Amino acid sequence: MNNIGLLTIFMLSVFVGFEVISKVSTILHTPLMSGANAIHGIILVGAILITGDAHGAVQLTLGFVAVVLATANMVGGFVVTDRMLEMFKGRKPTPSSDVVQNGGAK
Amino acid sequence: MSTPVLFAYWVAALCFILALKGLSSPKYARYGNLIGAFGAGLAVVVTLSLHGLGHRWFIIIAIVFGSLLAVPAARLVKMTAIPQMVAIFNGVGGGAAALVSITEFVRLHNTDTNAAASAVVFTAIVGSVSFSGSMITFAKLQELMTGRPILVPGARYVTSVIALGALGLGIATVPASSVPLLVACGLLSLVLGVLFVLPVGGADVPVVISLLNAFTGLTVAASGYVLDNTLLIVAGTLVGASGTLLTQLMAHAMGRPITGVLFGAFKGGSTAGSTAEVTTGDRAVRSAGADDIAILLAYARKVAIVPGYGLAVAQAQHTIRELVDLLESRGVQVFYAIHPVAGRMPGHMNVLLAEANVPYEQLKEMDEANPEFTSTDVAVVVGANDVVNPAARDQVGSPIYGMPILNVDEAANVVFMKRSLRPGFAGIDNALLYHPKTTLFFGDAKDSLSKLVAAVKSL
């Protein structure tokens, strides 16, 4: 794709990235960071592509290390995020979405 | 690439946007994460089945190997150690992104355009900083090294020189198309990452992890540009942007500008100064045993529990719940006051207490809890320190001055459960420990709480 096309995608992604998380509640800061962390594990796709085209021992070694590291980032990231969020299940928040504000004195 | 592959990448990008959206709302957070995992899995499977992909089995073995390393680690890690785990995963991601574009550069360096070569240099610098910086945050949180800021005399000059050196090598790499120069630039950036994180104080480390997370996102986006892969550009940029915003939100929760966290707040030995000026010296503290404190709690009308990292370390979340249930059955009104950055990460306490099934209604966030303290009889601080330190409110010179705190000093009585008089993670003395209305209860949080439970039961 040409550079202007890529730049447009970049610009729109910046705004979407800001917009989608702008209303995050404090209790989700950690899981959100961890989930975003897992998403950039998508570099695994890049690692696979370069290893697929690799020639010679040096490139293959670099590719192998990149695939292993990227897999650890992606798989580990999603698993650890799920573990954090598991902790939230089985809770009975009050019907409205902003449960914390509603949880006043009994 | 064929249209079906590109379409699969498009679906994956959509999944990532929905994942971030879901992760920002308590109701859909878990689905969000699963959608993200689905998108990532789809993109990987499609890439692996690309027609004409070389070394397919070699790659699959590498993926299996990486999963075997990561999954047990992620499943078995203790809740208290999760921040470190996130730091490690972030670091290896940054390293992988740098390796991807460096390998691409090694493969094609004669045909690269200047723009692509610049993107390679960007990933080499930022990816390396993210990798080594994350490893240092891991070491700090794992307490392999001190959590206090490490200030070497002249470190700022050394850091500046190394940053300029890395940048210079990077700029030289572009026209020369030279692999050795690029490698040197990457290695120097690894050093830069270490120097960047060393001076950051313990309590600020989570903010830095979030920033490095955003860095890795941008590195992935730049790698996407090098490989001409739209999915990597979209996913990397999404994480870069949302990570930057999240970093700001976290810094804001601590009442500090992000530049203060990174450079300003702890500079010039201010930590050492503030500890020296209020030395523990001969000031008296009052400590008491379980029985006295049990009576204080059992006959109170209203009790506030302020949990901190000590609660997490001792894994005392179930014991504290037992104590609170016991007090409530005696008619005491109890609430938990949650500071947004108590523990080692924002939301750490919520996750921990959720594990013990503490009802949502008992949790109060800082803004909601602070007006309650004036009518609270006893505030029990369990393994927290910096987040209740009045110096953040009153003492202008203090390194934590300006950070919003829980005003436990407004309660009629304060009970501190601590292992020792050691200052908190930020290394700052807490005058509240020596206040006449404060009682200290020394010991491991879990032991102390068990003793309290037994003592309240026998009343």
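This is a predicted model: local features need pLDDT of at least 70, side-chain atom pairs count only at pLDDT 80 or more; totals for chains, interfaces and linings use all residues.
**Figure 1. Strands 5 and 6 of chain B pair side by side.** Strand 5, residues 413–418, pairs with strand 6 in the parallel sense, over five bridges. To follow one of these links yourself, find Val415(B): its bridge partner in strand 6 is Thr439(B).

**Figure 2. Six strands of chain B form an open sheet.** Reading across the sheet, the order is 3-2-1-4-5-6, and the pairing is parallel. Strand 3 (363–365) and strand 6 (438–442) stand at the edges with a single partner strand each, so one side of each has no neighbour in the sheet. On average, neighbouring strands are turned by 25 degrees against each other, direction ignored.

**Figure 3. Chain A meets chain B.** Here 83 residues of chain A are in contact with 101 residues of chain B. Among the elements of chain A that give two or more residues to this side are helix 1 (3–20) and helix 4 (56–86). Helix 4 provides the largest share, 27 residues. Sorted by class, this side of chain A has 51 nonpolar, 26 polar and six charged residues.

**Figure 4. A closer look at Ala66(A), in helix 4 of chain A.** Is Ala66(A) buried or exposed? Ala66(A) counts as buried because it has 30 C-beta neighbours inside 10 Å, and the cut-off for buried is 20 or more. Leaving out residues up to four places away in sequence, Ala66(A) touches Ala47(A) and Ile50(A), as well as Ala96(B), Leu99(B), Val100(B) and Thr103(B). Look also for Ile43(A), 23 residues apart from Ala66(A) along the chain: their C-alpha atoms are separated by 8.8 Å.

Notes
Residues are numbered from 1 along each chain as its sequence is written. Chains are lettered from A and ligands numbered from 1 in the order in which they are written. Two residues are in contact if their C-beta atoms, placed from the backbone, lie within 7 Å. Helices (H or I, at least four residues) and strands (E, at least two) are DSSP runs, numbered from the N terminus. Ala, Val, Leu, Ile, Met, Phe, Trp, Tyr, Cys and Pro count as nonpolar, Asp, Glu, Lys and Arg as charged, and the others, Gly among them, as polar. A residue is buried if 20 or more other C-beta atoms lie within 10 Å of its own, exposed if 12 or fewer, and partly exposed in between; C-beta atoms are placed from the backbone. Two strands pair if DSSP finds at least two bridges between them. Axes are lines fitted to C-alpha atoms, for helices over the stretch in contact, and angles run from 0 to 180 degrees between N-to-C directions.
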